[in-house]
Amino acid sequence: MPTTSLPAIPDEWDVIRVPRQLGLATMSILGSRAGAVVEDPMAGALFFFVPVGTAADWDAENTSAIAGGDRVPIPPVRRTSGPGPHWRMCPGDSRWHTDPAALLAAILDAFGPRIGEEPATGVTA
């Protein structure tokens with residue numbers, strides 16, 4: 001069954017596109033908190049499905065937000081390996097979305113501290 005590219009319907013989801021290596025690290029950090037995730041090897045990216053409206057305010061380095069109406073790869077149901085786009089995390093009956101705050105935190109954790117920056121400790125002076 002061929003892969004189709006369907007519009008991200010505005011009342012269903014937005015999508016966050018993350019480069020493959022960063023996306024894999026992010027998935028590892030999220031664990032069971034990840035919603036549906038598609039990997040597209042040709043694009044070198046993972047696509048995290050998030051609630052509608054997330055794209056409007058999304059601002060994370062090296063990622064891009066895809067709002068409803070743009071196109072994202074949607075593999076056939078339960079395709080979990082390539083070639084081509086496939087599910088890294090299959091959508092459940094009611095589990096499409098990753099919490100945007102958890103996704104952002106996982107992406108930032110996957111980046112790690114920058115050179116010259118102090119790691120966040122949660123303590124303020």
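Visitor: How many aromatic pairs does a search of the whole structure find?

Guide: The search finds five aromatic pairs in the whole structure, and please keep in mind that this is a predicted model. One of the pairs joins W13 and W96, whose ring centres are 4.9 Å apart and whose planes are at 10°, so this pair is stacked.

Visitor: And where do W13 and W96 lie?

Guide: W13 lies in the loop between β1 (4-7) and β2 (14-19), while W96 lies in the loop between β7 (86-89) and α3 (100-111), so the pair ties together parts that are 83 residues apart in sequence.

Visitor: Is W13 buried or exposed?

Guide: W13 is buried, because its relative accessible area is 9%, and buried means under 20%. W96 has a relative accessible area of 26%, so W96 is described as partly exposed.

Visitor: What sort of pair do F49 and W96 form?

Guide: F49 and W96 form an edge-to-face pair, with 5.1 Å from centre to centre and 75° between the planes. F49 lies in strand β4 (residues 45-50) and W96 in the loop between β7 and α3, so this pair ties together parts that are 47 residues apart in sequence. F49 itself has 0% relative accessibility and therefore counts as buried.

Visitor: Which residues form one aromatic cluster?

Guide: The cluster is formed by W13, F49, W87 and W96.

Visitor: Let's change topic to the helices. Which residues of helix α1 are buried?

Guide: In helix α1, which covers residues 20-30, the buried residues are L22, G23, T26, M27 and L30. They cover an arc of only 135° around the axis, which means that they sit on the same side of α1. As background, an α-helix has 3.6 residues a turn, so residues three or four places apart point the same way.

Visitor: So what's on the face turned away from the buried side?

Guide: That face of α1 carries the exposed residues Q21 and S28.

Visitor: And what do the buried residues of α1 pack against?

Guide: The buried residues of α1 pack against β2, β3 (37-40), β4, β7 and α3.

Visitor: How do α1 and α3 cross?

Guide: The axes of α1 and α3 come within 8 Å and cross at roughly 115°, and the crossing is right-handed. From α1 the contact is made by L22, A25, T26, I29 and L30, and from α3 by A102, L103, A106, I107, D109, A110 and F111.

Visitor: What does L103 touch?

Guide: Leaving out residues up to four places away in sequence, L103 touches I16, T26, L30, F48, V50, W58 and T98. L103 has its place in helix α3, and L103 counts as buried because its relative accessibility is 0%. L103 and T26 are 77 residues apart in sequence, and in space they are 7.4 Å apart, C-alpha to C-alpha.

Visitor: Which residues of the largest nonpolar core touch the most other members?

Guide: That core has 16 residues, and those that touch the most other members are I16, V18, L30, F48, W58, L103 and I107. At least two residues of this core are supplied by each of β2, α1, β4 and α3, and the largest share, four residues, comes from α3. In general, nonpolar side chains in soluble globular proteins tend to be buried together.

Visitor: What about I107, what does that one touch?

Guide: I107 touches V18, L22, T26, W58 and T63, again not counting residues up to four places away in sequence. Another core, of 11 residues, lies apart from the largest one, and among its members are V15, F47, F49 and V72.

Visitor: Now the backbone. Which peptide bond is cis?

Guide: The peptide bond from G82 to P83 is cis, with omega near 10°, and P83 lies in the loop between β6 (71-74) and β7.

Visitor: And where is N62 found?

Guide: N62 is found in the loop between α2 (54-57) and β5 (64-66). N62 has a positive phi of about 65°, although N62 is not a glycine. With 48% relative accessibility, N62 counts as partly exposed.

Visitor: One last thing, what follows α1?

Guide: α1 is followed by G31, whose phi is positive, near 55°.

Definitions and conventions
Residues numbered from 1 in each chain as written. Predicted model: local features only at pLDDT ≥ 70, side-chain atom pairs only at ≥ 80, totals over all residues. Heavy atoms only, no water. Phe/Tyr/Trp six-rings, centres within 6.5 Å; stacked < 30°, edge-to-face > 60°. Buried < 20%, exposed > 50% of the residue type's maximum accessible area, 1.4 Å probe, protein only. Arc of directions from axis to C-beta. Contact = heavy atoms within 4.5 Å. Core = buried A, V, L, I, M, F, W, Y, C linked by side-chain atoms within 4.5 Å. Axes fitted to C-alpha atoms, helices over the stretch in contact; angles between N-to-C directions. Left-handed = near helix turned anticlockwise from the far one by under 90°.
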